[in-house]
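Student: I would like to learn how to read this structure feature by feature; could we start with how contacts are defined?

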Amino acid sequence: MNLQRILGASGASVLCLLAACSESDAGYTGNGAESEGGTTSAETGGSGKGDTPLPGVQEARAALVAIGESGVSGSVTFTAASDGGQVTGRITGLAPGQHGFHVHQYGDVSDTQDGLSAGGHFAPDGNPHGMPGDAKRHVGDLGNIQADAGGVAELDFRDPVIRLSGPHSILGRAIVVHAGVDDGSQPSGNAGGRVAFGVIGIANPTPAATAKATDESAPAGTGGGR
Ligand SMILES: [Cu+2]
Ligand SMILES: [Zn+2]
């Protein structure tokens, strides 16, 4: 009785803590950007809360497939860092010049004609569209990539907003390359059509070695959407 009166309205959550509720993943409750701070270091620190579903995702990768007849392909790797995500990769088959480059909401690459299955920009914070250096922007707003005269873009930059865990996690979303330049305008940078995209998945740290170990008898045709 006494205890209940002292705890008042917050009693439920305190009792939950005392009972070591396994659903303590509710780090999402309210404080957006802060809550993922410790998660990236979980692997090194073993930070006392061992229940996170994907504690140690340090690297994610997207294999890009062409949209329509663009002929664009490539691979993009995202590496977790305490101050954001490092983006590296190589994309070929582009028109020379700049191309809008965004994380879109859905890791759904089934629409290989127009790329619309990926949805709009990944924007969990409700901010307007922006450029990478802007204080307020979509999480997915990675700006533009630069293709050389041979149509090749080599990527190596740090983005301060994207993460591989927490509310800003881009895992399971899609990276999208556009035909035109993201000019920063609303609502999504006016970057034109979509020329390539790929699902951002958990990277295999030793791709060559495990390729041999995978089940080669997997049924054919598992890749097709329809
Ligand atoms: Cu886009
Ligand atoms: Zn945007």
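Tutor: Two residues are in contact if their C-beta atoms, placed from the backbone, lie within 7 Å. This is a predicted model, in which local features need pLDDT of at least 70 and side-chain atom pairs count only at pLDDT 80 or more, while totals for chains, interfaces and linings use all residues. Residues are numbered from 1 along each chain as its sequence is written, and chains are lettered from A and ligands numbered from 1 in the order in which they are written.

Student: Which residues is L64 in contact with, leaving aside its neighbours within four places in sequence?

Tutor: Beyond those neighbours, L64 is in contact with V72, S73, G74, S75, V76, I91, V177, A196, F197 and G198.

Student: How many residues does the largest nonpolar core have?

Tutor: A nonpolar core is a set of buried Ala, Val, Leu, Ile, Met, Phe, Trp, Tyr and Cys residues joined through C-beta atoms within 7 Å. A residue is buried if 20 or more other C-beta atoms lie within 10 Å of its own, exposed if 12 or fewer, and partly exposed in between, with C-beta atoms placed from the backbone. Here the largest such core has 35 residues, and L64, A174, I175, V177, F197 and I200 are those with the most contacts inside it. At least two residues of this core come from each of β1 (59-66), β2 (73-81), β4 (97-104), β5 (141-147), β7 (174-178) and β8 (194-199), where strands (E, at least two residues) and helices (H or I, at least four) are DSSP runs numbered from the N terminus.

Student: What is the peptide bond from Q186 to P187, cis or trans?

Tutor: Most residues other than glycine have a negative phi, and most peptide bonds are trans. The bond from Q186 to P187 is cis, with omega near 0°, and P187 lies in the loop between β7 and β8. N190, found in that loop as well, has a positive phi of about 55° although it is not a glycine; N190 counts as partly exposed because it has 15 C-beta neighbours inside 10 Å.

Student: What is the average pLDDT of the chain?

Tutor: The pLDDT is the predictor's confidence in each residue, from 0 to 100. The chain averages 78, and 67% of the residues score at least 70. Over residues 1-54 the pLDDT is below 50, although this stretch has 37 contacts in the model beyond near neighbours in sequence. Where pLDDT is low, the predicted coordinates should not be read in detail.
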